[in-house]
Amino acid sequence: MSIAIALPEGMRTRNRPTLPEALLRAGSPRESSNPYHNALEQLDIAAQYLELDPGMHEILKHPQRELTVHFPVKREDGSTQVFTGYRVQHNIARGPSKGGIRYSPLTDIDEVRALAMWMTWKCAIVNIPFGGAKGGVVCDPKTLSNSELERLTRRYASEISIVIGPTSDIPAPDMGTNAQTMAWIMDTYSMTQGHTVPAVVTGKPVAVGGSEGRNDATGRGIVFITREAIRESGLDLRGLRVAIQGFGNVGGVAARLFAEAGAKVVAVSDANGGLYNADGLDIAALRDCTNRDGTLTTHGGGDTIGTRELLELDVDVLVPAATENQITAENADRIKAPIIIEGANGPTTPAADRMLHERGVFLVPDVLANAGGVVVSYFEWVQDLQFFFWQEEEVNAKMEAIMVRAYRDVRTMAKRENVDMRLAAHLIGVKRVADASTLRGIYP
Ligand code: NAD
């Protein structure tokens with residue numbers, strides 16, 4: 001049985017003016033596939049709305065520090081390959097910088113800059129004492145053996161060890177990296193210090209100072225945020241029809257937790273394609289299939305669909321949890337889900353944002369929706385610094401409290417200013433960072 005969602009008046013954004021007249025006169029956002037251009041465009045909108053001092057706006061546009069490294073790795077066949085990696089620290093006004101490391105053949109400095117800037121706003125929105133950073137290595141981890149991955153990771157960690165540290169910049173997993181990657185980085189950094197420094201990275205295995213609950217945290221946070229968003233329509237998760245793009249740490253965990261909560265996950269996809277089953281997919285079987293074959297598409301439990309096609313399904317909630325630029329000006333008009341919860345970073349371009357908003361689609365942005373991961377990373381860092389570890393129930397309950405409070409702060413701001421949830425989130429995040437920067441002043 002499907003649920004027809006009727007969004008209550010406050011959540012319906014159609015035909016409501018959302019931006020100041022001056023901004024509307026500035027015309028439609030430019031469509032760009034460059035995530036940094038899109039992040040800057042989002043910052044510009046928030047800065048104009050906040051009437052931010054032009055000097056402060058200029059500071060926030062620029063990452064504070066960028067490191068590019070080129071380093072050699074010995075391949076299994078005895079040859080040497082040179083890889084390129086980055087670490088970008090966008091802002092440290094509110095505390096040490098925090099952000100994941102991405103291994104992807106498509107990553108570049110502008111993607112890492114955008115992801116670092118989004119981390120700054122995200123940490124401020126959920127009000128944890130971190131700035132924003134991100135890292136990346138241009139590589140396809142699927143084409144590397146385990147020992148090649150270890151050598152690559154250790155050399156990259158060594159190259160960026162001049163800018164990371166438990167009180168300065170703390171990496172975590174992102175696309176293409178995982179708990180094992182973090183264990184190698186922690187070990188490499190610790191070797192340079194002569195003692196074990198677990199707080200230098202988060203998302204580690206529990207056996208080496210990781211936190212209970214960190215692996216599931218981003219997906220769990222997505223489910224908490226979805227529950228809050230649909231509650232306003234008088235709905236709960238039971239029977240909710242959900243489509244999820246991406247079946248990794250974020251999408252795969254969210255799919256499992258949605259199913260456990262009684263929702264019907266009718267479609268999921270990975271980079272190879274997707275599956276649709278109107279009666280709900282067997283998520284545990286899809287996970288087994290992915291562990292065995294490296295893709296869910298070989299599982300026969302549903303109709304084969306394209307990963308872009310998944311975005312346009314008639315579902316109650318759509319969760320893009322793969323990568324940037326999936327919902328663009330090209331397909332935004334064909335999105336049928338009335339609610340979008342962004343699991344990935346930057347899945348919606350500013351031009352698509354405007355189109356969805358005009359059509360009354362309720363979108364909870366990345367900087368709020370996927371913040372559960374960094375919240376539990378913050379808990380992991382605190383536990384590592386204190387060498388005192390918490391039970392999973394405590395971790396989950398503390399994360400839930402922070403996510404619910406942040407959702408309500410953003411929702412209240414959206415209603416008060418009559419703006420969409422992305423702008424409301426950015427108004428809170430950018431203002432907190434600007435206020436901290438103003439209090440600190442400009443050195444010297
Ligand atoms: P992951 O590497 O674990 O999984 C990525 C998944 O997306 C895989 O299933 C992959 O096959 C799929 N994918 C890649 N390109 C695709 C495409 N074009 N279409 C459909 N599927 C595609 O990565 P992850 O950690 O799950 O991260 C996913 C997104 O969530 C990224 O945007 C990341 O920045 C963001 N994010 C991750 C975390 C975290 O804690 N891991 C936290 C916040 C945000």
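User: What makes S1 and strand S2 (residues 80-91) a pair, and in which sense do they run?

Analyst: Two strands pair if DSSP finds at least two bridges between them. S1 and S2 have ten bridges, in the antiparallel sense, so they pass that cut-off. Among those partners in S2, arginine 87 belongs to leucine 67, and threonine 80 to lysine 74. A quick note on the numbers: this is a predicted model, where local features need pLDDT of at least 70 and side-chain atom pairs count only at pLDDT 80 or more, while totals for chains, interfaces and linings use all residues. Residues are numbered from 1 along each chain as its sequence is written, and side-chain values use heavy atoms, with hydrogens and water left out.

User: Why are S1 and S5 called edge strands?

Analyst: Start with the order, which is S1-S2-S4-S3-S5 in an open, mixed sheet of five strands. Strand S1 (65-74) and strand S5 (169-173) each have a single partner strand, so one side of each has no neighbour in the sheet. On average, neighbouring strands here are turned by 20° against each other, ignoring direction; the axes are lines fitted to C-alpha atoms, and angles run from 0 to 180 degrees between N-to-C directions.

User: Which strands are the edges of the seven-stranded sheet, and how do you know?

Analyst: That open sheet runs S9-S8-S7-S6-S10-S11-S12, with mixed pairing. Strand S9 (303-305) and strand S12 (362-364) each pair on one side only.

User: What joins strand S6 (residues 241-245) to strand S10 (residues 317-320)?

Analyst: Four bridges, with the two strands running parallel. Valine 317 in S10 is the bridge partner of valine 242. In general, strands of a sheet pair through backbone hydrogen bonds, parallel or antiparallel.

User: Now the ligand. Which residues come nearest to it?

Analyst: Of the 22 residues around the ligand, the nearest are Asp174, Thr218, Asn249, Val250 and Asn345. A residue is near if one of its heavy atoms lies within 4 Å.

User: Where does the shell around the ligand come from?

Analyst: Helix H8 (249-260) and strand S7 (264-270) are the elements giving two or more residues; both are DSSP runs, helices (H or I) of at least four residues and strands (E) of at least two. Domain 2 (63-195) and domain 3 (217-369) each supply at least three, with bounds from an automatic or database assignment. The shell splits into seven nonpolar, eleven polar and four charged residues, where Gly counts as polar.

User: Which bond joins tyrosine 443 and proline 444?

Analyst: A cis peptide bond, with omega about 10°. Proline 444 falls in the segment after helix H15 (421-440).
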